Structure formats: C-alpha cells, structure tokens
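Keep the viewer open and follow along.

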Amino acid sequence: MHRVLVIPAAIALSATLLSGPALAAGCPKGAVVGGVAGHYAGNHGLLGAGAGCLIGRHYANKHARQPDEL
C-alpha cells in the first residue's frame with residue numbers, strides 16, 4: 001500500500017521540478033473575468049474560466065505579433 005502512494009507522489013514531484021515556466025500570457029486575467037461572467041450567466045464558472053483563458057491567450061498572442069509603434 002505504501003508503494004501506491006509513493007510512486008504517484010514521485011511522478012508529481014519530478015513533473016513539477018522538471019517543468020519549465022508557464023508562458024500563458026493573458027490566461028489568468030481571462031480566466032478570472034470569464035469565470036465571474038460564467039458564474040453570473042448561469043452557474044457555469046468553470047466553463048467561463050476555460051473560455052476566458054483561451055480568449056485571453058488569443059488576444060495576448062495577437063498583441064505580441066503587432067509591431068511596436070513609435
């Protein structure tokens with residue numbers, strides 16, 4: 001029984017330590033806004049958070065591709 005708990009814990013720890021930084025620009029802000037909107041639009045906070053994250057990333061990538069105007 002001890003091995004059943006140790007192996008998943010070791011996998012989770014190694015995945016955490018070996019993974020790089022998350023590059024999800026726009027996702028946290030979009031997820032918060034989408035989650036709140038989804039909650040108030042019919043108790044669908046998780047669905048709204050997921051959609052908000054995708055939309056936030058889309059706009060962040062779109063903004064990053066635009067050249068800087070001087």
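This is a predicted model: local features need pLDDT of at least 70, side-chain atom pairs count only at pLDDT 80 or more; totals for chains, interfaces and linings use all residues.

**A walk along the chain**

You'll find Leu13 in helix H1, which covers residues 2–18. Together with Leu17 and Leu18, Leu13 makes a nonpolar surface patch of about 380 Å².

What about the helix around it? H1 has 17 residues and reaches 24 Å from its first C-alpha to its last, close to the 24 Å expected at 1.5 Å a residue. How many of the 17 residues of H1 are buried? The number is 0, so H1 lies largely in the open.

Now zoom out to the whole chain. There are 3 helices and 0 strands, and from the N terminus on the elements run α-α-α. The radius of gyration is 18 Å, whereas the globule rule gives 11 Å for 70 residues; 18 Å is well over that, so the chain is more spread out than a compact globule. The C-alpha trace says something about the proportions too, spanning about 60 × 40 × 10 Å along its principal axes. As for burial, 13% of the 70 residues count as buried. The chain exposes about 6100 Å², and carbon and sulfur atoms supply 69% of that area.

Gln66 belongs to the segment after H3 and is partly exposed, because its relative accessible area is 46%, which falls between the 20% and 50% cut-offs.

Next stop, the cysteines. A search of the whole structure finds 1 disulfide, and this one joins Cys27 to Cys53, with an S to S distance of 1.9 Å. The pair links distant parts of the chain: Cys27 is in helix H2 and Cys53 is in helix H3 (residues 45–65), 26 residues apart. As a reminder, a disulfide is a covalent bond between the sulfur atoms of two cysteines. Which hand does the disulfide of Cys27 and Cys53 have? The torsion about the S-S bond is about -100°, so the disulfide is left-handed. Are the two cysteines buried or exposed? Both Cys27 and Cys53 are buried.

Stay with H2 for a moment and look at Pro28. This proline is in helix H2, residues 27–40, and counts as exposed because its relative accessibility is 56%.

One last residue is worth a click. Asn43 lies in the loop between H2 and H3. What is the phi of Asn43? The value is positive, about 60°, although Asn43 is not a glycine. For context, most residues other than glycine have a negative phi. Asn43 is exposed, because its relative accessible area is 62%.

Note on methods. Residues are numbered from 1 along each chain as its sequence is written. Side-chain values use heavy atoms; hydrogens and water are left out. Patches are made of residues with over 30% relative accessible area and no salt bridge: like charges are joined within 9 Å, nonpolar side chains (Val, Leu, Ile, Met, Phe, Trp, Tyr) within 5 Å. Accessible areas come from the Shrake-Rupley method with a 1.4 Å probe; for residues, only the protein chains shown count as cover. A salt bridge is a side-chain nitrogen of Lys or Arg within 4 Å of a carboxyl oxygen of Asp or Glu. Helices (H or I, at least four residues) and strands (E, at least two) are DSSP runs, numbered from the N terminus. The radius of gyration is taken over C-alpha atoms; the globule rule is 2.2 Å times the number of residues to the power 0.38. Buried means under 20% relative accessible area, exposed over 50%, partly exposed in between (1.4 Å probe, protein chains only). The expected span of a helix is 1.5 Å times one less than its number of residues. A disulfide is a pair of cysteine sulfur atoms within 2.5 Å.
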